[in-house]
Amino acid sequence: MTYGNKVKFHYDVPAYIKKQLAEAAKKLNMTATELLSKTIEEEYERIKKEKESTE
């Protein structure tokens with residue numbers, strides 16, 4: 001499903017990962033969804049740069 005320029009993925013996340021994500025997000029004063037999105041975006045950018053540097 002798309003929401004504006006965002007894509008919503010449906011997948012099961014293990015309970016212990018959800019708990020860790022919620023705890024980390026709370027410390028950063030953001031929601032778990034925001035933290036997960038930020039992490040995915042940062043990792044995507046890192047991989048993209050790494051791929052560009054090897055070409």
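What share of the 55 residues in the protein is made up by buried residues? In this predicted model, with residues numbered from 1 along each chain as its sequence is written, local features need pLDDT of at least 70 and side-chain atom pairs count only at pLDDT 80 or more, while totals for chains, interfaces and linings use all residues. Side-chain values use heavy atoms, with hydrogens and water left out. The answer to the opening question is 4%, where buried stands for a relative accessible area under 20%, exposed for over 50% and partly exposed for what lies in between (1.4 Å probe, protein chains only).

The overall layout comes next. The protein has 2 helices and 2 strands, and reading along the sequence gives the pattern β-β-α-α. Both kinds of element are DSSP runs numbered from the N terminus, with helices (H or I) of at least four residues and strands (E) of at least two.

Two packed helices are described by the angle between their axes and the distance between the axes. Helix α1 spans residues 15-27, and its axis lies 8 Å from that of α2, at an angle of about 95°. Here the axes are lines fitted to C-alpha atoms, for helices over the stretch in contact, and angles run from 0 to 180 degrees between N-to-C directions. The two helices, α1 and α2, are therefore roughly perpendicular to each other; that label covers 65 to 115 degrees, whereas angles under 35 degrees count as roughly parallel, those over 145 as roughly antiparallel and the rest as oblique.

Which residues make this contact? On the α1 side they are L21, A22, A24 and A25, and on the α2 side A32, L35 and L36, contact meaning heavy atoms within 4.5 Å. The residues of this contact divide into 7 nonpolar, no polar and no charged. In that grouping, Ala, Val, Leu, Ile, Met, Phe, Trp, Tyr, Cys and Pro count as nonpolar, Asp, Glu, Lys and Arg as charged, and the others, Gly among them, as polar.

Leaving aside residues up to four places away in sequence, L35 touches L21, A24, A25, L28 and M30. The C-alpha atoms of L35 and A22 are separated by 8.7 Å, the two residues being 13 apart along the chain. A second pair, Q20 and A32, is 12 residues apart in sequence and 9.3 Å apart in space, C-alpha to C-alpha. Q20 belongs to helix α1 and is partly exposed, at a relative accessible area of 48%.

The loop between α1 and α2 contains N29. This residue is not a glycine, yet N29 has a positive phi of about 60°. N29 is exposed, its relative accessible area being 73%.

Charged pairs complete the picture. Side chains of opposite charge can pair when their charged atoms come close. The structure holds 4 salt bridges, each being a side-chain nitrogen of Lys or Arg within 4 Å of a carboxyl oxygen of Asp or Glu. In one of them, K19 pairs with E23, with the closest N and O atoms 3.9 Å apart. Both K19 and E23 lie in helix α1, 4 residues apart, about one turn of the helix. K19 counts as exposed at 54% relative accessibility, and E23 is partly exposed with a relative accessible area of 41%.

E45 and K48 meet through their side chains in a salt bridge of 3.9 Å, N to O, and lie 3 residues apart in α2, about one turn of the helix. E45 is partly exposed at 35% relative accessibility, and K48 is partly exposed at 35%. The side chains of R46 and E50 form a salt bridge of 3.0 Å, N to O, with these residues 4 apart in α2, about one turn of the helix. R46 is partly exposed, with a relative accessible area of 42%, and E50 is partly exposed at 45%. Salt bridges that share partners join E43, R46 and E50 into one network.
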